[in-house]
Amino acid sequence: MTQETGGFAAFNLNPNILAAVIATGYEEPSAIQQQSIPIIMAGQDMIGQAQTGTGKTAAFALPILHCIDPAKREPQALILAPTRELALQVATAFETYAKQMPGVTVVAVYGGAPMGPQLKAIRNGAQIVVATPGRLCDHLRRDEKVLSTVNHLVLDEADEMLKLGFMDDLEVIFKRCHRPVRPYCSRYPATVDPCHCRTPSARSATREDPDQDPDRYRDRTGSPVGSR
């Protein structure tokens, strides 16, 4: 094993996921990945912020895939994104990392595409659902139980979802997740109070933005993340 792959091997990820990571050409985990992957694998809530191009999607996709049970043909993880473009991008990333995980399927749910095939994929047991809030609410009006088996929830670019006025849709979605979910919020700016989303309190992850005040990002003990 090379020194580069050893960086990701240290997370004890599923070997099939690790093989897919190596195949993508990743060398060493980025800062957001180093901080986020162990927290998510431990089943803890978190908020993370990182600049574009730092591997933010892999920071939550890899540990979520590690926790997925391929034998269960039901939605297990829900990733919400503010736009169709981001939803497709995230879905493609999950498919790339799950390429060597037989039985794991991903569905992208977004407006501007027929609803029938999307709902069919969910009902057929896609374990990973990547969706825009508005279209997902459309599906919930047809079948309010489509999220009843979800236990991992990601708000990707949550600040953008709030800016675009998706708060009411998010409230509907949260209420339809019948199981206790483990929420992970990505890219919250310091100017947005995470409590506005009314999700459970979350543990902050480090982010690669030296211009932000680190004291604004604290875990549940009140200590700045990265100080221990």
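## Tour of a predicted model

Start by selecting Glu157, in the loop between strand 5 (152-155) and helix 8 (158-163). Helices (H or I, at least four residues) and strands (E, at least two) are DSSP runs, numbered from the N terminus. This is a predicted model, in which local features need pLDDT of at least 70 and side-chain atom pairs pLDDT 80 or more, while totals for chains, interfaces and linings use all residues. Residues are numbered from 1 along each chain, and side-chain values use heavy atoms, without hydrogens or water.

Phi is positive, about 55°, although Glu157 is not a glycine. Is Glu157 buried or exposed? Glu157 counts as buried, at 17% relative accessibility. Buried means under 20% relative accessible area, exposed over 50%, partly exposed in between (1.4 Å probe, protein chains only).

Now jump to Asn12. Asn12 sits in the loop between helix 1 (3-9) and helix 2 (15-24). Asn12 is another non-glycine residue with a positive phi, here about 60°. Its relative accessible area is 60%, so Asn12 is exposed.

**Helix 3 and its end**

Select residues 31-41, which form helix 3. Colour Ile32, Gln33, Ser36, Ile37, Ile39 and Ile40: these residues are buried. In an α-helix there are 3.6 residues a turn, so residues three or four places apart point the same way. Step off the end of helix 3 to Gly43, which takes a positive phi of about 80° just after the helix.

**Strand 5**

Return to strand 5 and pick His152. His152 is buried, with a relative accessible area of 3%. What does the side chain of His152 join? Show Asn151 as well: a polar contact of 3.4 Å links the two side chains. Such a contact is an N or O pair within 3.5 Å, one able to donate a hydrogen and the other to accept it; sequence neighbours count only through side-chain atoms on both sides.

**Thr54**

Next, centre on Thr54. Thr54 belongs to the loop between strand 1 (46-48) and helix 4 (56-67). Thr54 is buried, and its relative accessible area is 14%. Draw a distance from its side chain to the backbone oxygen of Gln51, which is 2.6 Å away.

**The largest pocket**

Select helix 4 and helix 5 (84-97) together: each supplies at least two lining residues. Which helix gives the most to the lining? Helix 5 does, with 4 residues.

**Leu170**

Move to helix 9 (residues 167-176) and select Leu170. Leu170 is buried, with 1% relative accessible area.

**Zoom out**

Show the whole protein as a cartoon. There are 9 helices and 7 strands to find. Colour by burial to finish: of the 228 residues, 51% are buried.
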